[in-house]
Amino acid sequence: MLLVVVVVLIAAIFAGAAAIWWRSHTKYVEGRREHWFKAFAAERGGAFHSGVAGDANPAPTFGVLHPSGRPLAESGHKAWVEFRHRDRPVIAVDGQEPYRHFDDHTYFRDIHVTQVRVPASPQLRITAGKGVAVPSDPGLEAELSRWLAAHPRFAQRDVVVEHGSARTWGQGCATRQNVVAEAEYLADLADHLPAALWDVSDAAS
């Protein structure tokens, strides 16, 4: 009899835990479907991807998932919105990335990536407070270093330009304010970068 009671109690505990998980998961899925990107896309005449498995979603026209350059088309469960800003296509991504804590456990933190479409070019990296790198073209790197020194406002953020995209990123979830501000920053940067960057074929990068 005692054994039956113990089994029933264990089953009840597992059933309760499963019910809590299911409720939490259902709220997560519903939240992703109603992510503010959805309303933002409607306002801007753009496209929205909930990041929820099984949802019918549009394909992105360009862009990456992460500062490292992973393609957005392979993003899996990441929400994104595509819209236009100052007549440039923009994609904003809301997701998470893993990191190791001091206790040697893996945790996840929110990260967002904002990017605008630009012409093809060699890879350009602007590191805030450090300068410019163009790995494939030292001569162009020197020219862009001089340009950045003359335009220090564009040295305030980490930016990567490659594969037809200029992107920047930050910790925390995307907000309307930071997506629009970052899109404005990147569009302004793309408008002011020296023409020599766009004159070099991306095939060599």
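User: Is phenylalanine 154 buried or exposed?
Analyst: Buried, because its relative accessibility is 1% and the cut-off for buried is under 20%. Bear in mind that this is a predicted model.

User: Where does phenylalanine 154 lie?
Analyst: Phenylalanine 154 is in the loop between H3 and S7.

User: Which residues is it in contact with, leaving aside neighbours within four places in sequence?
Analyst: Ile126, Trp147, Leu148, Tyr185, Asp188, Leu189 and His192.

User: Switching to the largest nonpolar core. Which members touch the most others?
Analyst: Leu124, Leu144 and Leu193, out of 33 residues.

User: Which helix gives the most to this core?
Analyst: H4, with six residues. Other elements that supply at least two each include H2, S3 and H3.

User: What does leucine 144 touch, not counting residues up to four places away?
Analyst: Leu124, Val132, Val134, Leu193, Pro194 and Leu197.

User: What is in the second core?
Analyst: That separate core has nine residues, among them Phe62, Leu65, Leu72 and Val160.

User: New topic: H2 and H4. At what angle do their axes cross?
Analyst: Roughly 50 degrees, and the axes come within 12 Å. That angle makes H2 oblique to H4.

User: Which residues make the contact?
Analyst: H2 uses Trp36, Ala39, Phe40, Glu43 and Arg44. H4 uses Arg176, Val179 and Val180.

User: How many are nonpolar, polar or charged?
Analyst: Five are nonpolar, three are charged and none is polar.

Notes. Residues numbered from 1 in each chain as written. Predicted model: local features only at pLDDT ≥ 70, side-chain atom pairs only at ≥ 80, totals over all residues. Heavy atoms only, no water. Core = buried A, V, L, I, M, F, W, Y, C linked by side-chain atoms within 4.5 Å. Buried < 20%, exposed > 50% of the residue type's maximum accessible area, 1.4 Å probe, protein only. Helix = DSSP H or I, 4+ residues; strand = E, 2+ residues; numbered from the N terminus. Contact = heavy atoms within 4.5 Å. Axes fitted to C-alpha atoms, helices over the stretch in contact; angles between N-to-C directions. Parallel < 35°, antiparallel > 145°, perpendicular 65-115°, else oblique. Nonpolar A, V, L, I, M, F, W, Y, C, P; charged D, E, K, R; others polar.
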